[in-house]
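Here are my notes on this one, as numbered points. Have the model open beside you while you read.

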Amino acid sequence: MTMDRAFAHWKEGGINMWDLSSRQEAFKIWSINRLLLLNKKKRTNTLHHWYIDQIKTWELDSMFIREQGLSWRNFRYNFFPNHPGIKEIPDCIRNKDGHPLSLKEIYYLIISQKYESIRRTEGQKTLMALHNINIPHIFEYINRISHQKGRNTLFRFFSRTLPGINYNRNTICKICNKRFTDPYLHLFIDCQHIKGIEKSITTTFNKLSIIKIKCWNLEAMEVCKTNKTEKVYPNLVGIITHTLWTIICYKLFNEDQDKKEPTFNPTTIENELNNLIKLEKFTLIKKLETYEKYNNDNNRNLLIYKFNTAWQNPINPLPVPI
């Protein structure tokens, strides 16, 4: 994933990665801003005075101060043009609340100018244009999935970052020998191997979820069509997607003849979901115990009701008895 995508938050389809060059630039700006703050508060030492004297005359003997001063001056010009120039030794640049700009605030101002929006891949543009997938809105829902492997695989599916298949375009599938243009849609949905187990996928899904699907397709994988409190549906999509990915990886990349081939096992899917609910239930119980210990007026029944509403399923309609 290139930086023009990676800089964004997970909820937007990025991975929240720092742009190190922008981070270094932000630190230079923050350092000068901090120096101006100390000078305003008269908390400077001898070294600070030497720096400030250089800035006043702009006869910068220190290359270190020269780089920082130029960075601060450019930053002021781009974002705070009404703020006094650096030669006037003004007060530091402050935010809307009147506090000195933090390093984080400076960094995000620089990033917002450098990357006006996250770049979409051709595959993502196709999902948006032809299949009406709401990107980046879908990543907000993926971010709420509790099953870690399922969340990661589903995120990589819609962000188009699964390893080993990105550059397979207009080629023959190694699994079913059919030609395809989009490796993601083919390998996870249209491949003949997936079609062969689609009935089992659909039956398993409808057995475990109150929200039903007619078939395994892109519409079924669109977790953002559910409400934000629903937990079973998106987690089940994540679990199944990850299971399919393990099958795909074996068929495409496995070179170990002794390794057992993974299969789609409905019992395994059910156990994964049940174990996830047990883990979430354990977390809820610990939360309730903490509330009862430190807060007599707790909302125990309300929390249990919300949990049951989120995790109810045909097999276990009341995960936590009230």
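**Notes on the model**

1. Let's begin with Leu 218, which is found in helix α11. Helices here are DSSP runs of H or I with at least four residues, strands are E runs of at least two, and both are numbered from the N terminus. This is a predicted model, in which local features need pLDDT of at least 70 and side-chain atom pairs count only at pLDDT 80 or more, while totals for chains, interfaces and linings use all residues. Residues are numbered from 1 along each chain as its sequence is written, and side-chain values use heavy atoms, with hydrogens and water left out.

2. Is Leu 218 buried or exposed? Its relative accessibility is 8%, so Leu 218 counts as buried; the cut-offs are under 20% relative accessible area for buried, over 50% for exposed and partly exposed in between, with a 1.4 Å probe and protein chains only. Leaving aside neighbours within four places in sequence, Leu 218 is in contact (heavy atoms within 4.5 Å) with Leu 127, His 131, Ile 133, Phe 157, Phe 158, Leu 185 and Ile 189.

3. Follow Leu 218 to Phe 158. With neighbours up to four places away in sequence set aside, Phe 158 contacts Gln 124, Leu 127, Ile 133, Ile 135, Ile 138, Phe 139, Ile 142, Leu 218 and Met 221. One of these partners, Ile 135, has a peptide bond to Pro 136 that is cis, with omega near 15 degrees. Pro 136 itself is found in the loop between α6 and α7.

4. Now the nonpolar cores, meaning sets of buried Ala, Val, Leu, Ile, Met, Phe, Trp, Tyr and Cys residues joined through side-chain atoms within 4.5 Å. The largest has 59 residues, and those with the most contacts inside it are Ile 138, Ile 142, Phe 158, Phe 188, Trp 216, Ile 240 and Leu 244. Two or more residues each come from α7 (137-142), α8 (148-159), α9 (183-190), α10 (192-208), α11 (218-221), α12, α13 and α14 (300-311). Which element gives the largest share? That is α12, with 11 residues. Another core, of 27 residues, lies apart from this one, and among its members are Ile 52, Tyr 107, Ile 110 and Ile 111.

5. Next, α12 (residues 232-253) against α13 (residues 266-294): the two pack at an angle of about 135 degrees, with their axes 10 Å apart. Axes are lines fitted to C-alpha atoms, for helices over the stretch in contact, and angles run from 0 to 180 degrees between N-to-C directions. The pair is therefore oblique, given that under 35 degrees counts as roughly parallel, over 145 as roughly antiparallel, 65 to 115 as roughly perpendicular and the rest as oblique. On the α12 side the contact is made by Val 232, Asn 235, Leu 236, Ile 239, Ile 240 and Thr 243, and on the α13 side by Ile 269, Glu 272, Leu 273 and Leu 276.

6. From α2 the contact takes Ser 21, Ser 22, Arg 23, Glu 25, Ala 26, Phe 27, Ile 29 and Trp 30, and from α5 Leu 103, Ile 106, Tyr 107, Ile 110, Ile 111 and Lys 114.

7. Two backbone spots deserve a glance. Asn 16, in the loop between α1 (3-6) and α2, has a positive phi of about 60 degrees although it is not a glycine; at 34% relative accessibility Asn 16 counts as partly exposed. Arg 160, in the loop between α8 and β1 (171-172), also has a positive phi, near 60 degrees, but at 4% relative accessibility Arg 160 counts as buried.
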